[in-house]
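Here is a friendly walk through one model, taken a piece at a time. Keep the structure open beside you as you read.

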Amino acid sequence: MNHSVRRLTRCAVLTALALAISVCEGLVPLTVLIPLPGLRLGLANLVTVYALCILSSREALAILVSRCLLSALVGGNLTALAFSLTGGVFALLTMWALLHFRGFSLFGVCIAGAAAHNAGQILAAIAVLGSPAIAVYLAPLLLASVATGAVTGAASILLVRRIPRPADRKS
Amino acid sequence: MKRLLPLFLSLFLLAGCSGADTPVTQQLFAMNTTMTLTLYGSRASDAALSAQQAINRLDGLWSRTKASSDVSRLNATAGDPAPETEVAPETGALLSRARELGALTGGALDITIAPIMDAWGFGTTSVFQESDFRVPSRTELDALLPLVDSGRLHVSGSAEAPLAWLDGPGMAVDLGAVAKGRAADLLVPLLTDSGVTSAILDLGGNLTALGTRPDGTPWRIGVKDPRNTETYFCILSLSDKTCSTSGSYERKFEVDGTTYHHILDPATGYPAESGLLSVTAVSSDGMLADGLSTACYVMGAEQSVRLWREHGLEGAGFDLVLVREDGSVWITEGLEDGLDFRGEEAGYTYEIIRR
Amino acid sequence: MRSSAAERTRPTFWDALVVLAVLAAAGSLLFLFRPRSGNFLTARIVLDHELVAEIELTALTGPVTLEVPGAPYPITVEAEPGRIRIAHSGCPNQDCVHTGWVSRSGGQIVCLPNRLVISVSGSNAPEVDGITG
């Protein structure tokens, strides 16, 4: 099969997967247990991490942006786009940076990613609302991100090990 | 945040109890203002009810807006051939004391200033309407000034059955400058008899700190910043004292670019221009504090300090916090203990005035 | 992208540093936003002795307008994150409207004709027991 068509298809599949994950995750709101706005397991980050590790950063970014756009359109909620995109981009940049250094495992990468995601969302919220009042929630969200990041870290380690590498990407 | 809401709600449950450490809070409307009584003690709820009844009764005696009050009846007979009006003992005592305080302050406090207050629109209605405020003409005020003379207010009879009258037609008395302070004085024995050992009585901004806080430390009373009424510029440590503040910021209106406030100078009939932004008087005698805050505002800082040096230790004694227009605050030395000055950020400086 | 991170199955020393960094960030934010007068502001709207509404001002994410039901003169309260005011009132003297925004613990807006008091309180014990003036 053509190189670029394969890439495109792969990205499309991963985008759909990320979208499905984020929708399913939204169905089981953690916020009922812990009332923090924007608290989620961040499972959609799994796709981003996988893409960063196994594919290229450009593909990871493309998947992220497409997923956010589709999610906003599907959910009918355009303002959520600002939050998810900012959070997602922050997470992607952070994880990409950490993956460049030798000393981390995916645990650290995902925890940093979760923390960056929450930070990005809060910053976007402050910009949209025009008031720093919501920053009060960042501290508990950061604490939560250690836990959620660890969970996604463990899951991503499994993913990266078990899913067969794409034929054109032998590492 | 949602997890704090249950905590807040449970605090409402506690509000029903009273005990050594949980106060009973009673809010009421009287004397043209809101009042909040915060009482600690085993029978605080009963005390709160008695206090409310007492305040309403005094309001009924001293309010100019109630036609049946002692003051209204007194004003109605001013200058009549047989003007003597029977008044309640509390009213007689208050009228006499207010007259004495007027003499002590050289007329800076004068409860017979009511006709001038009415000319400005500051007096008669129970709710001040901006449309009522007006600037009286010089001739109008000149005609009314002779009516401002506490010497022409007479109180006779016994302490239990006093008689009072005004000997000139058109004269009138307004007790607004002393009523709340005096009400606080009358409440204190009532409350202590009901077992209330600690309390904060906020009678429309007139604060009485009864006893100490339940933990034994003095009450901490903030003094409002006249330039930014949302904050306070210093904290006083008080126990068994009443503080009363008068300031130009409290009630004022603007006409043609000039601002007129409600503290009138009995000598001129105009709002007092004495270089002060606010005066807080502190005393264990609430009526003294209340009346002095008005009088000292009219007198200005220098004269007030002179008064304090001469009389500040007599009887119940008093102390002053004088906020001058240039931002300097003069605080008499009786308030030095436990003073917590916070005004530097807002541009205030202070000095302790000693004898 | 190939990366040694993808190979590891166990957390590393650097991971622990990341966790510490996140915790430190959370800690310093908690310190910055520690409860002080003004950080968990609540406004209580009391009409004629009855509590008609309680608004957590610091939890607001946008402006909130509230017509107070049952008030003798129509009155509109406006709350924003961290502050509250009476926006419009049908009362004759308009003192309440002129009070403007109140954003500090202990602040109050009073509308006498309506017998309405809005009081703002913080979650921790306020610094002063009363304010004279």
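In which sense do β3(C) and strand β4 of chain C pair, and over how many bridges? This is a predicted model, and in it β3(C) and β4 (residues 75–80) of chain C pair in the antiparallel sense over four bridges.

**Chain C**

That pair of strands belongs to an open sheet of three strands, ordered β3-β4-β5 in chain C, with antiparallel pairing. At its edges are β3 (64–67) and β5 (83–89) of chain C, each of which pairs on one side only. From one strand to the next, the twist averages 25 degrees.

Stepping back, chain C has three helices and eight strands. Along the sequence they follow the pattern α-α-β-β-β-β-β-α-β-β-β. Of the 133 residues in chain C, 39% are buried. Among the contacts in chain C with a separation of 6 or more, 37% are between residues 24 or more positions apart.

One residue worth a stop is C:Asp48, which lies in the loop between β1 (42–47) and β2 (50–56) of chain C. Is C:Asp48 buried or partly exposed? With 13 C-beta neighbours inside 10 Å, C:Asp48 counts as partly exposed. C:Asp48 and C:Asn114 are 66 residues apart in sequence, yet their C-alpha atoms are 7.8 Å apart in space.

**Where chain B meets chain C**

The contact between these two chains takes 30 residues from chain B and 23 residues from chain C. On the side of chain B that touches chain C, at least two residues come from each of β1 (24–30), β6 (196–203), β8 (219–225), β9 (228–238), β10 (241–247) and β13 (276–283) of chain B. The largest share of that side, six residues, comes from β8(B). Sorted by class, the side of chain B that touches chain C has 14 nonpolar, 10 polar and six charged residues.

β8(B) also pairs across the chain boundary: with strand β8 (residues 130–132) of chain C it forms three bridges in the parallel sense. Here B:Val223 stands opposite C:Thr132 in β8(C).

The strand pairs described in this report with a bridge count can be set side by side.

| Strand pair | Sense | Bridges |
|---|---|---|
| β3(C) and β4(C) | antiparallel | four bridges |
| β8(B) and β8(C) | parallel | three bridges |
| β3(B) and β5(B) | antiparallel | two bridges |

**A sheet and a helix in chain B**

β3(B) is joined by two bridges to β5 (residues 162–166) of chain B, and B:Thr85 has B:Ala164 in β5(B) as its bridge partner.

Helix α3 (residues 57–75) of chain A has 19 residues, which at 1.5 Å a residue should span 27 Å; its end C-alpha atoms are 27 Å apart, in agreement. Which residues of α3(A) are buried? They are A:Ala60, A:Ile63, A:Leu64, A:Arg67, A:Cys68 and A:Ser71. Seen down the axis of α3(A), the buried residues fall within an arc of 125 degrees, so they line one face of the helix. On the other side of α3(A), A:Arg58 and A:Leu73 are exposed. The cover over the buried residues of α3(A) includes α1 (3–27), α2 (44–54) and α4 (79–100) of chain A. After α3(A) comes A:Gly76, with a positive phi near 70 degrees.

Helix α4 of chain A holds A:Leu98, which is buried, with 25 other C-beta atoms within 10 Å. Leaving aside neighbours within four places in sequence, A:Leu98 is in contact with A:Phe104, A:Gly108, A:Val109 and A:Ala112. A:Cys110 is 12 residues from A:Leu98 along the chain, and their C-alpha atoms are separated by 9.5 Å.

Notes
Residues are numbered from 1 along each chain as its sequence is written. Chains are lettered from A and ligands numbered from 1 in the order in which they are written. This is a predicted model: local features need pLDDT of at least 70, side-chain atom pairs count only at pLDDT 80 or more; totals for chains, interfaces and linings use all residues. Two residues are in contact if their C-beta atoms, placed from the backbone, lie within 7 Å. Ala, Val, Leu, Ile, Met, Phe, Trp, Tyr, Cys and Pro count as nonpolar, Asp, Glu, Lys and Arg as charged, and the others, Gly among them, as polar. Two strands pair if DSSP finds at least two bridges between them. The expected span of a helix is 1.5 Å times one less than its number of residues. A residue is buried if 20 or more other C-beta atoms lie within 10 Å of its own, exposed if 12 or fewer, and partly exposed in between; C-beta atoms are placed from the backbone. The arc is that of the directions from the helix axis to the C-beta atoms. Axes are lines fitted to C-alpha atoms, for helices over the stretch in contact, and angles run from 0 to 180 degrees between N-to-C directions.
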